[in-house]
Amino acid sequence: MKAICVDDENLILDLTVSLLDDFGLFEEVKGFSSGQEALSYMEENNVGLALLDIDMPEMDGMTLAGIIKEKSPGTSIIFLTGYSDYAVEAFSIHADGYLLKPIARDKLFQEVQYVIDNKEEESAYLANAKTFGNFDLFVKGESVVFKRSKSKELLAYLIDNRGGTVTRAEAFAALWEDGMYDRAMQKQMDVIVRSLKDTLKDYNISEILEVKSGGMRICPELIDCDLYHYLDGDEAAIKSFRGVYMNSYYWASLTEASLLDEDF
């Protein structure tokens, strides 16, 4: 899980980032002095916890929290402030914690641990992926409708890679078997990736996809997938496999062959 801290006071920002790092509960902790910087980071990173100062210029913590909740409902929020007057308003937007400055290490740890414990109690899956037969993605039982068929295929390809990072050139080679990855097709890939991100955002599951300058990957721990259960030796998933895997996509034949060779 990644965490961010947002505070316009540099000393406090450095302290909160240092404390979260010391707790050893997060794979990465980033600090930002403005809300816009934090939102830009969240465009390409899945953030599990946001530690926000309330009283900030340009964009206050309440406004920032509202945008974060809209873009990433799964992100937990803990507010930091020097004033208790904000408490009622903070919890009205479903904040997960509220701490008064100056920050006490033990109090912060308790709040953070509470957030993490509650996340573990919730279902980790944001979407369900069906790969045996045709590929489909579901959110709360609703079939996800993709604006572009290539965006759907790109997601299928990333799911097939089981969390491994894929470059845009590699994805292109899979989606267009004999295509030339020239400037025009690079722009086309940009359109496909952007369309996929927009679709996932429409269904509030942006967190399942990580896109960085070096490539992209899905977060397999957030997807309930028959393939993953099959590879884990789940009996029900094994019985559900009828020898056909994502049969709409030619590149899936390699995985299909490996599944047929599995000996359970």
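Helices (H or I, at least four residues) and strands (E, at least two) are DSSP runs, numbered from the N terminus. The model is predicted: local features need pLDDT of at least 70, side-chain atom pairs count only at pLDDT 80 or more, and totals for chains, interfaces and linings use all residues. Residues are numbered from 1 along each chain as its sequence is written, and side-chain values use heavy atoms, with hydrogens and water left out.

**View 1. Ile 78 in strand 4.** Ile 78 lies in strand 4 (residues 76–81). Because its relative accessibility is 0%, Ile 78 counts as buried (under 20% relative accessible area, with exposed over 50% and partly exposed in between; 1.4 Å probe, protein chains only).

**View 2. The surroundings of Ile 78.** Leaving aside residues up to four places away in sequence, Ile 78 touches Leu 49, Ala 50, Leu 51, Leu 52, Gly 97, Tyr 98, Leu 99, Glu 111, Val 112 and Val 115 (contact means heavy atoms within 4.5 Å). Leu 51 is 27 residues from Ile 78 along the chain, and 4.9 Å separates their C-alpha atoms.

**View 3. Helix 4 and helix 6.** Among the elements of the protein chain, the lowest mean pLDDT, 48, belongs to helix 4 (residues 87–92), and the highest, 98, to helix 6 (residues 149–160). Here pLDDT is the predictor's confidence in each residue, from 0 to 100. The chain has a mean pLDDT of 89, with 92% of its residues at 70 or more.

**View 4. The protein chain as context.** The secondary structure comprises 11 helices and 11 strands. Of the 264 residues, 45% count as buried. The C-alpha trace spans about 60 × 45 × 30 Å along its principal axes.
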